[in-house]
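Could you walk me through this structure, one question at a time?

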Amino acid sequence: MLERLKPQPADAILHLMQAFRDDPRPGRIDLGVGVYKDAAGRTPVMAAVRRAERRIWEEEETKTYTSMAGDAAFLDAMRRMILGRTDGAAIATVGGTGALRQALDLVRGTTPEATVWLSAPTWPNHPALIDHAGLRRAEYRYLDPATGGIDLPGLMEDLGRVAPGDIVLLHGCCHNPTGANPTEEEWGIIAALLERAGAIPLIDLAYQGFGDGVEADAAATRRLAAQLPQAMIAASCSKSFGIYRERAGALLVLGGVRALVQDNLAALNRMTISFPPDHGARVVATILDDPGLNAEWRAELEAIRLGMIRTREALAGALTAACGTDRFAFVARHRGMFSRLGLPPAQVEALRRDHGVYMLGDSRINIAGLRAEDVPRLAEAVAATG
Ligand code: LMR
């Protein structure tokens with residue numbers, strides 16, 4: 001058996017993370033993996049999370065199994081945060097990636113002939129997950145490199161070719177890797193296209209609260225969930241609660257006969273992970289269900305969000321000044337953790353080699369990891385290598 005194994009392709013994001021750690025140069029700048037960092041370059045535990053953990057430590061009386069679907073209070077709290085209501089089938093998952101995995105398993109078990117449509121570009125793990133699930137995939141145009149915004153005509157043309165029962169993977173907010181997000185009106189167009197095609201949205205919601213606010217970032221998901229007869233939402237708690245390593249997430253599935261869908265989702269958990277992890281989920285439920293902790297968490301998240309917008313404005317200004325062009329103005333308009341600068345691979349390589357600036361090969365930068373004091377140096381390095 002083992003002699004048949006093949007070397008696996010390096011994951012671009014994790015490979016870069018390791019290369020940065022191995023680089024001894026002081027002052028190097030890490031814009032790789034999507035993790036929030038404070039002014040000191042640390043990824044702190046949020047105060048509301050610490051308080052919730054303390055409460056759980058004091059009050060939790062057992063660590064026996066929850067249920068195959070996960071803790072009911074967590075699932076209700078997630079439904080309320082995402083949908084503003086508590087209907088639909090739901091399971092706790094191993095992070096947002098686990099939710100995607102279970103959603104794709106559900107598709108494979110029901111409609112293996114379906115094509116899963118991905119934005120071009122998308123998070124590199126999306127195609128890998130789809131291939132691993134043995135499903136067919138196709139791309140729809142998304143980014144207009146000339147403007148750094150959405151290529152609406154291209155997107156409409158491509159989504160016009162979606163067949164009934166196909167799955168369209170959408171980033172509910174804060175598109176990864178581009179940072180370009182549809183307007184409300186454009187979401188309306190996307191929803192209408194899917195409705196006309198009889199397609200099912202699979203919404204990857206990993207950055208709620210990082211774009212325009214907790215409620216605003218759920219608006220597109222709520223619209224799609226209300227308008228379409230069936231929808232799946234793969235939600236991650238990693239970023240919004242800063243609990244990356246706890247692997248907390250949920251899959252919500254709307255439509256169909258709820259009890260039957262719920263039964264099938266629970267069986268998917270049983271066959272893959274048996275019971276979902278509980279600690280991160282319990283932290284999230286404790287925060288969301290307690291008005292004081294909820295308010296504290298929202299204030300912390302909002303401070304992070306506003307800090308990212310300030311960083312975006314500072315970087316757009318610094319790039320304009322250093323490069324003598326406004327071609328990077330889109331950085332200020334984008335929302336979420338990421339923007340793709342649109343630099344050629346050779347320049348990305350030169351930035352790493354000559355300036356210790358680490359960004360993904362497609363020039364995606366993690367705004368949430370960029371310290372204010374590094375903004376001028378980054379802009380100068382981009383100008384020097386351009
Ligand atoms: C990212 O895109 O950097 C994050 O979603 C982390 C990951 O798992 O890739």
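The conversation below goes from the model as a whole to single residues.

Reader: Hello! What is the mean pLDDT of the protein?

Author: Welcome! This is a predicted model, in which local features need pLDDT of at least 70, side-chain atom pairs count only at pLDDT 80 or more, and totals for chains, interfaces and linings use all residues. Residues are numbered from 1 along each chain as its sequence is written. pLDDT is the predictor's confidence in each residue, from 0 to 100. Here 100% of the residues reach 70 or more, and the mean is 96.

Reader: Which domains does the domain assignment give, and how far apart are their C-alpha centres?

Author: Domain bounds come from an automatic or database domain assignment. For this protein the assignment gives domain 1 (11-44 + 303-385) and domain 2 (47-289). The distance between the C-alpha centres of domain 1 and domain 2 is 27 Å.

Reader: Which element gives the largest share of the side of domain 1 that touches domain 2?

Author: Two residues are in contact if their C-beta atoms, placed from the backbone, lie within 7 Å, and by that rule 20 residues of domain 1 are in contact with 24 residues of domain 2. Helices (H or I, at least four residues) and strands (E, at least two) are DSSP runs, numbered from the N terminus. On the side of domain 1 that touches domain 2, α1 (12-22), α11 and β11 (338-340) each supply at least two residues. The largest share, three residues, belongs to β11.

Reader: Which residues are around the ligand, and from which domains does the shell draw at least three residues each?

Author: A residue counts as near a molecule or strand if its C-beta atom, placed from the backbone, lies within 6 Å of it. The residues around the ligand are Ile13, Val33, Gly34, Trp123, Asn125 and Asn176. They divide into three nonpolar, three polar and no charged, where Ala, Val, Leu, Ile, Met, Phe, Trp, Tyr, Cys and Pro count as nonpolar, Asp, Glu, Lys and Arg as charged, and the others, Gly among them, as polar. The shell draws at least three residues from each of domain 1 and domain 2.

Reader: Which residues touch the most other members of the largest nonpolar core?

Author: A nonpolar core is a set of buried Ala, Val, Leu, Ile, Met, Phe, Trp, Tyr and Cys residues joined through C-beta atoms within 7 Å. A residue is buried if 20 or more other C-beta atoms lie within 10 Å of its own, exposed if 12 or fewer, and partly exposed in between, with C-beta atoms placed from the backbone. The largest core has 109 residues, and those touching the most other members are Ala103, Val168, Ala234, Ala250, Leu251 and Val284. This core draws at least three residues from each of domain 1 and domain 2.

Reader: How many residues of helix α10 are buried?

Author: Helix α10 covers residues 279-289, and Val284 is one of its buried residues. Its buried residues pack against α2 (47-59), α3 (72-83), β2 (89-94), β10 (248-254) and α11 (291-323).

Reader: Is cysteine 174 buried or exposed?

Author: Cysteine 174 is also found in the loop between β7 and α7. Its phi is positive, about 50 degrees, although cysteine 174 is not a glycine. Because 26 C-beta neighbours lie inside 10 Å, cysteine 174 counts as buried.
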